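Subject: Structure handover

Hello,

Here is the structure I promised to pass on. Please open it first, then read my notes below.

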Protein chains: 2
Amino acid sequence: MFETAELGRTLDKAAYDKREPELRTELLALQERAREARLPVYVLINGVDGAGKGETVNLLHEWMDPRFLNTCAFGPRTDEERARPDWWRYWRALALKGRIGIYFGNWYTDPIVLRALKKLDKDRFETSLTRIKMVERALVDDGALIIKLWFHLSKPAQKRVYRQLLSSKRTRWRVTKQDLQNQDRYDRFRELSERALRETSTGFAPWTIIEAEDARYRDVAVGETLVAALRDRLERKPAPRPSAEQRPPPNHGRTILDTVDNTQKVSDKKYEHRLDELQARLHGAFEELKKQGRSAIAVFEGWDAAGKGGAIRRITAALDARDYQIIPIAAPTDEERAQHYLWRFWRHLPGSGKVTVYDRSWYGRVLVERVEGFATEAEWQRAYNEINEFEEQLVEHGTVIAKLWLHIDPAEQLKRFKERERISFKKFKITQEDYRNRDKAAHYVHAVHDMVERTSTDVAPCHLVAANDKRFARLDVLEHLCQRIEAAR
Amino acid sequence: MFETAELGRTLDKAAYDKREPELRTELLALQERAREARLPVYVLINGVDGAGKGETVNLLHEWMDPRFLNTCAFGPRTDEERARPDWWRYWRALALKGRIGIYFGNWYTDPIVLRALKKLDKDRFETSLTRIKMVERALVDDGALIIKLWFHLSKPAQKRVYRQLLSSKRTRWRVTKQDLQNQDRYDRFRELSERALRETSTGFAPWTIIEAEDARYRDVAVGETLVAALRDRLERKPAPRPSAEQRPPPNHGRTILDTVDNTQKVSDKKYEHRLDELQARLHGAFEELKKQGRSAIAVFEGWDAAGKGGAIRRITAALDARDYQIIPIAAPTDEERAQHYLWRFWRHLPGSGKVTVYDRSWYGRVLVERVEGFATEAEWQRAYNEINEFEEQLVEHGTVIAKLWLHIDPAEQLKRFKERERISFKKFKITQEDYRNRDKAAHYVHAVHDMVERTSTDVAPCHLVAANDKRFARLDVLEHLCQRIEAAR
């Protein structure tokens with residue numbers, strides 16, 4: 001694979017001086033067009049030590065408009081990063097749509113380096129590569145352009161580069177001890193890199209290998225690659241956005257919601273007693289989890305007026321206020337809108353010993369966005385996998401996740417709507433929108449059915465809560481959360 | 001001071017049941033108005049252990065629209081937080097304008113607790129209080145409403161509360177070992193709290209002390225306080241925004257810029273040699289700083305076309321790409337616009353062993369925003385202090401800060417403009433705006449003069465760079481940065 005980048009290609013000064021201004025002009029124009037198109041562009045810079053990756057980043061800052069470039073490099077993980085799934089640090093660094101993000105020391109670095117040092121076994125190395133493909137797929141599906149550049153030097157070429165740098169007192173510092181030590185592992189790195197590139201050079205996000213010994217040749221090759229990728233992407237006609245029109249829901253007949261026994265009730269007296277008991281139990285269970293440095297997530301979904309807020313407050317009452325945050329999903333901010341839809345949820349993942357309660361969540365994609373046609377069928381269909389993949393990462397990291405759907409029947413819902421309208425301080429909770437949603441109930445039922453079918457997994461089951469009786473629901477929610485935390489120990 | 005909150009005030013159930021729905025209705029309406037007015041509201045929850053602070057936060061989530069509440073609690077610092085000035089964690093948690101942020105375990109907690117434990121001496125305790133006042137002043141000046149609630153229990157009342165909670169197996173967990181230990185320090189905490197409250201109960205951000213033994217009385221008192229503060233703030237006619245109209249610059253005669261000797265030059269040959277030398281020196285100096293876990297900031301300001309980008313690249317070329325980030329100050333994002341103007345700079349402060357290069361900076365407030373009238377005179381006038389205060393925090397934390405103004409004279413600037421227009425890949429750098437700015441040169445000169453006069457301090461001096469000769473300027477910038485880092489050791 002790398003032989004094609006060991007051809008000794010060079011570029012003389014005259015040819016470089018001719019090509020450079022053209023390239024810069026083209027790059028600037030394409031950057032501007034990408035900005036107008038709000039195209040998210042991620043440029044990955046990887047490759048062999050000594051191949052000039054840092055110099056290239058400097059060069060890109062010179063060649064393009066630096067106001068719309070974001071460069072990120074990742075070093076050792078901070079404790080906030082270690083407290084969350086591996087990918088958190090990359091998600092939080094993603095550039096806004098319309099900007100160009102340049103990443104080095106990125107998501108390819110750890111798997112290759114850790115595998116080379118035998119800190120990662122073969123299976124986990126392969127799993128990392130699969131995960132990378134899935135995340136890149138999700139970003140590309142969302143409209144991103146990912147340009148992956150691999151800077152290559154043959155073993156003798158790397159030696160020559162180092163020798164040259166070391167020959168002067170003033171450039172010697174550019175070669176670190178680590179660089180010299182890594183030379184011994186050149187073959188091992190090469191083999192693993194080849195495996196990683198082969199596995200992750202996909203149609204939607206291919207690698208380009210850059211022969212890097214001759215700086216002029218390298219720089220122009222980088223420029224040409226960016227120009228070609230940007231032009232190709234910008235000139236490709238976007239597939240006509242498939243109509244997100246409402247189709248009648250498939251007639252499943254009986255759905256999963258029909259299995260919920262909504263006649264269940266609890267008496268006043270028993271409620272108070274059980275509530276105290278469960279809150280104490282939750283507190284204890286969570287303290288244990290905290291000792292392990294782990295975290296928990298509770299996801300609340302359900303019909304309008306199903307009692308999410310009340311159930312959430314019964315949970316938080318059992319926790320130290322320093323340990324939880326509630327993330328109500330309202331309209332996204334502009335920064336959130338300028339990212340993949342999962343970004344705003346990644347953003348709030350709990351750290352060690354913390355709980356995040358999502359009041360509505362990423363399931364919006366396959367519920368309201370599906371039913372209202374805010375997402376195309378392709379978008380919500382692929383969301384099931386994206387969500388499973390996301391939750392799998394949480395669970396792998398050791399985060400406990402409880403997913404709750406609060407179910408009330410239509411008559412109960414109408415009763416609560418009317419009640420809310422009567423009470424001045426509850427009026428704000430009820431709008432015409434809520435009534436309109438009732439007309440779409442059949443669609444929602446099927447969306448919920450499909451959601452459970454596609455995303456209720458062993459590692460992150462979806463728990464349906466009979467919520468016609470508010471108190472019964474609150475106890476059930478508390479008990480489920482206790483069980484999830486206890487089971488995770 | 002606290003005697004006024006030891007009167008044994010209670011509220012019976014009937015009175016509570018009557019007042020509660022009214023309060024909720026008022027609060028919701030005011031929350032909505034605050035949102036429409038994009039008013040930033042910060043509610044601080046502090047006070048004695050056992051006084052029901054957590055319960056109150058739960059209650060506020062029930063009483064108000066939780067979609068627009070952000071609750072933050074601060075525990076032990078993470079390493080990302082420890083790597084930056086103390087206030088970084090609070091700045092990054094500030095709620096967007098129009099939302100209500102609720103903070104407990106906030107900026108008052110550490111000074112009081114650390115002082116009580118004798119981990120903070122008297123002077124540093126007083127300094128912390130002064131700093132708090134200055135930050136709160138800056139936030140209020142920017143339009144924020146800060147509501148500070150102190151929950152008080154007398155020593156016997158606290159004992160009664162604990163005894164009651166401990167009497168049942170199911171509520172026992174609410175009292176922690178720490179709570180019981182802290183009882184011995186009640187008097188010490190009381191004395192320090194009184195000192196803190198007296199010192200920080202300012203006209204622009206006063207404290208309200210809430211008598212907290214009776215839960216119903218406490219809840220209603222909190223509600224009433226919020227209603228009164230929100231109503232007062234929303235009904236106060238905003239002072240008519242003073243015209244930001246351009247006044248002729250004062251005739252300083254000779255300004256600080258006249259002291260720059262712009263005839264200084266460096267030859268090609270000497271440049272290459274010195275560049276290598278200085279880059280190696282910078283690399284070494286920074287490695288030393290890194291070993292100490294410290295960080296550095298370089299702030300670039302200067303005339304259009306003064307060569308900021310080129311100078312920045314000569315710095316970054318000497319650093320490991322994983323160690324620096326360049327923050328180009330373009331138009332703020334929506335989230336940035338919904339915060340105090342310093343927020344977007346706090347956001348990017350470097351962690352341990354890192355460098356942030358700001359390509360334009362917070363000085364925009366007293367330069368372009370002043371000259372263009374984007375900021376009122378009151379706004380840019382107070383910015384000098386806000387900036388000094390900000391930089392002082394950086395320096396205290398151990399961050400090295402280098403501030404550079406790149407100076408070219410008008411003839412050289414015109415020459416560079418013309419040159420940029422000739423070169424296709426440099427055209428993007430030059431717009432009609434740049435020519436218009438030239439007409440305002442006299443205003444800018446005086447703004448720069450005032451900036452140096454007001455913000456060039458011993459701890460963070462402003463360095464004026466003779467930049468007519470690009471190469472001379474680059475060397476000078478590198479040398480200044482080296483000196484700043486070396487002097488900080």
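This is a predicted model: local features need pLDDT of at least 70, side-chain atom pairs count only at pLDDT 80 or more; totals for chains, interfaces and linings use all residues.

Which residues in helix 1 of chain B meet which residues in helix 10 of chain B?

Residues are numbered from 1 along each chain as its sequence is written, while chains are lettered from A and ligands numbered from 1 in the order in which they are written.

**Helix 1 and helix 10, chain B**

Now the reply. From helix 1 of chain B come Tyr16(B), Arg19(B), Leu23(B), Glu26(B), Leu27(B), Leu30(B), Arg33(B) and Ala34(B). They meet Arg216(B), Val220(B), Gly223(B), Leu226(B), Val227(B), Leu230(B), Arg231(B) and Leu234(B) in helix 10 of chain B. Two residues are in contact if their C-beta atoms, placed from the backbone, lie within 7 Å. Helices (H or I, at least four residues) and strands (E, at least two) are DSSP runs, numbered from the N terminus.

By class, this contact has 10 nonpolar, 1 polar and 5 charged residues. Nonpolar means Ala, Val, Leu, Ile, Met, Phe, Trp, Tyr, Cys and Pro; charged means Asp, Glu, Lys and Arg; the others, Gly among them, are polar.

Two packed helices are described by the angle between their axes and the distance between the axes. Here the axes of helix 1 (residues 13-36) and helix 10 (residues 215-235) of chain B come within 9 Å and cross at roughly 30°. Axes are lines fitted to C-alpha atoms, for helices over the stretch in contact, and angles run from 0 to 180 degrees between N-to-C directions. Helix 1 of chain B passes helix 10 of chain B in a left-handed crossing. Left-handed means that the near helix is turned anticlockwise from the far one by less than a right angle; right-handed means clockwise.

In chain B, the axes of helix 12 (residues 308-316) and helix 20 (residues 470-487) come within 9 Å and cross at roughly 45°. That makes helix 12 of chain B oblique to helix 20 of chain B. (Under 35 degrees is roughly parallel, over 145 roughly antiparallel, 65 to 115 roughly perpendicular, and the rest oblique.) The crossing of helix 12 and helix 20 of chain B is right-handed. Helix 12 of chain B brings Gly310(B), Ala311(B), Arg314(B) and Ile315(B) to the contact. Among the residues from helix 20 of chain B are Lys470(B), Ala473(B) and Leu481(B). This contact divides into 6 nonpolar, 1 polar and 3 charged residues.

In chain A, look at helix 6 (residues 122-141) and helix 9 (residues 186-200). Their axes come within 10 Å and cross at roughly 35°. This crossing is right-handed. Leu129(A), Ile132(A) and Lys133(A) of helix 6 meet Ala196(A), Glu199(A) and Thr200(A) of helix 9. The contact has 3 nonpolar, 1 polar and 2 charged residues.

**The sheet in chain A**

Chain A has an open sheet of 5 strands, in the order 7-8-6-9-10, with parallel pairing. Two strands pair if DSSP finds at least two bridges between them. Strand 7 and strand 10 (462-466) of chain A stand at the edges, each with a single partner strand, so one side of each has no neighbour in the sheet. Neighbouring strands are turned by 20° against each other on average, direction ignored. Strand 6 (residues 296-302) and strand 8 (residues 355-359) of chain A pair in the parallel sense over 5 bridges. Val357(A) in strand 8 is the bridge partner of Ala298(A). Helix 20 (residues 470-487) of chain A packs on the sheet, touching strand 6, strand 9 (400-407) and strand 10 of chain A. The direction of helix 20 makes about 160° with that of strand 9 of chain A.

**The two chains together**

Chain A can be laid on chain B by a turn of 180° and a shift of 0.0 Å along the axis, with an RMSD of 0.0 Å. The two copies are thus related as by a two-fold rotation axis. The same surface serves both copies: 98% of the contact residues of chain A recur in chain B. Copies are superposed by least squares on the C-alpha atoms of residues with pLDDT of at least 70 in both.

In the interface, 47 residues of chain A are in contact with 46 residues of chain B. Helix 2 of chain A gives the most to the side of chain A that touches chain B, with 6 residues. That side divides into 16 nonpolar, 16 polar and 15 charged residues.

Best wishes
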